[in-house]
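Visitor: Got a model up on screen and want to go through it piece by piece. Can you take questions as they come?

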Amino acid sequence: MRITSIPATFKPSGGIVTQPTAEAVEPPPAAPTATDDLYAAWQNMTAKDSANTPVAQLLTLLGIRLIEVDPEGLEDDTIGSFIGKVGEGIVVVPRTMPQADREPIVRRFLDQIGTEYKVLKEGDPKGRMFREARLKIECFEWCTEDHDEPQFADDIIHAGQPAELELTGERVPLLHSRLGVDPFSPDSVQRKPHVVLDDEQSMYFLPPVQALEFADEMTAFADEVRVQARRAAGRTEDAKPAVPVAEPGHYPWCNTAACTTHPWGDGTDRTYTEHFGPDFNMPIPEGMDVQHDEMVRMTLGASEEFGGRPEISFNCGGNGVLLDEDGADQAIANLEAALSALRAMRAQMVQGKQA
């Protein structure tokens, strides 16, 4: 990855520390016996007087403390809060908010307070309440976005070169896909590298495993299109792709020569079958010794003795494990992550040492 220094903006989940502002005005709290008098003085002020009185003076008059915090100090979707009453209250606002936005919030709180304790909160309907600041973000080598100009945090995304599927001869777009990362998205899938699919009507954000499953479905769809095209062309002899045909008592994926039948051992003539299908044993790097010569070995099978449910035997030189559908999905995700890490390390191998 390359590191790019870009202008951006804050939002509540941004977690950015800005330059400290001047210390907030913190007048001493009024004596409890003076609360009613302070409130009466506040209520007797004319609208013109209160509008012309600086916020700092109003806070001092009413015995209210103003505290400015980093965005992390506020609850989600909250841009200001108040707790207390006249004479002993606290207003909290983010120090990164522009002054022009901060003052109206404080004044709105003051308009609502009284002699009884209250808890007040204010949210931002636009979702953007912080000023622009300098921010360093990680950028991916495949990213084609321009991060050199000022941007709101919500607008910052990483996008790769798109792949496009168009109707042949018509230039009609059907489907687009690209790599993407939205570092400030509330969706955890979009905050990590994923595949974005766009069908000209909606966008879909697929994590790596789901994207691979979709690619398999696209391959199956392409096979069906080929079958239809061959039929349309009158090529009936090769209109259907080769589809495995299961022998009686076996699965379509069975290697029937490897499948074995055993007696139940209950004194009857009943038998059960162990089914064995595709097998892959990852080659071992030269010079490496692995127990049982199995670095990563996967075999599809099913045993009628234990219900006949297809499972994947997953071995790595030691004790193996049988994976169901969920376990297989997790293993795929882990292997994808390992492969991504290996690719990243391979890319770093060509980086020269700094002088």
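Visitor: What is Gly-80 in contact with, leaving aside its neighbours within four places in sequence?
Guide: Gly-80 is in contact with Val-92, Phe-109, Leu-120, Lys-121 and Glu-122. Contact means heavy atoms within 4.5 Å. This is a predicted model, where local features need pLDDT of at least 70, side-chain atom pairs count only at pLDDT 80 or more, and totals for chains, interfaces and linings use all residues. Residues are numbered from 1 along each chain as its sequence is written, and side-chain values use heavy atoms, with hydrogens and water left out.

Visitor: Which strand does Gly-80 lie in, and is Gly-80 buried or exposed?
Guide: Gly-80 belongs to strand S3, residues 80–85. Strands (E, at least two residues) and helices (H or I, at least four) are DSSP runs, numbered from the N terminus. Gly-80 counts as buried because its relative accessibility is 0%. The cut-offs are under 20% relative accessible area for buried and over 50% for exposed, with partly exposed in between, using a 1.4 Å probe and protein chains only.

Visitor: How far apart are the C-alpha atoms of Gly-80 and Pro-94?
Guide: They are separated by 7.2 Å, with the two residues 14 apart along the chain.

Visitor: Changing topic. Which residues of helix H3 are buried?
Guide: In H3, residues 55–62, they are Val-55, Leu-58, Leu-59 and Leu-62. Seen down the H3 axis, these fall within an arc of 100 degrees, so they line one face of the helix. The arc is that of the directions from the helix axis to the C-beta atoms. In general, an α-helix has 3.6 residues a turn, so residues three or four places apart point the same way.

Visitor: And what covers the buried residues of H3?
Guide: The cover includes helix H1 (35–44), helix H2 (47–52), strand S2 (64–69) and helix H4 (99–112). After H3 comes Gly-63, with a positive phi near 70 degrees.

Visitor: Which residues other than glycine have a positive phi?
Guide: Glu-200 is one of them, with phi near 75 degrees, and His-292 has a phi of about 60 degrees. Most residues other than glycine have a negative phi. Glu-200 sits in the loop between S10 and strand S11 (203–206), and it is partly exposed at 46% relative accessible area. His-292 is in the loop between strand S13 (271–281) and strand S14 (297–303); at 54% relative accessibility, His-292 counts as exposed.

Visitor: Pockets next. How much space lies in the largest pocket?
Guide: About 1000 Å³. On a 1 Å grid over the protein atoms alone, a pocket is an open set of points where a 1.4 Å probe fits, with protein on both sides within 12 Å along at least five of seven lines; lining residues have an atom within 4 Å of a point. Grid points are joined across faces, edges and corners, and a volume is the space filled by probe spheres set on the points.

Visitor: What lines the largest pocket?
Guide: There are 26 lining residues, and Trp-142, Pro-193, Pro-208, Glu-336 and Ser-340 lie nearest the centre. H7 supplies the largest share, nine residues. The lining divides into 16 nonpolar, six polar and four charged residues. Here Ala, Val, Leu, Ile, Met, Phe, Trp, Tyr, Cys and Pro count as nonpolar, Asp, Glu, Lys and Arg as charged, and the others, Gly among them, as polar.

Visitor: What about the volume of the second largest pocket?
Guide: The second largest pocket has about 480 Å³ and 17 lining residues, with Val-296, Met-298, Phe-314, Ala-331 and Leu-335 nearest its centre. H7 gives the most to this lining too, with eight residues. That lining has 16 nonpolar residues, no polar ones and one charged.

Visitor: Last topic. How many aromatic pairs does a search of the whole structure find?
Guide: Four. Among them, Tyr-251 and Trp-253 are stacked, at 4.8 Å centre to centre with 10 degrees between the planes. Trp-264 and Tyr-272 form a tilted pair, at 5.0 Å and 55 degrees. Rings of Phe, Tyr and Trp (its six-membered ring) pair if their centres lie within 6.5 Å; planes under 30 degrees apart count as stacked, over 60 as edge-to-face and the rest as tilted.
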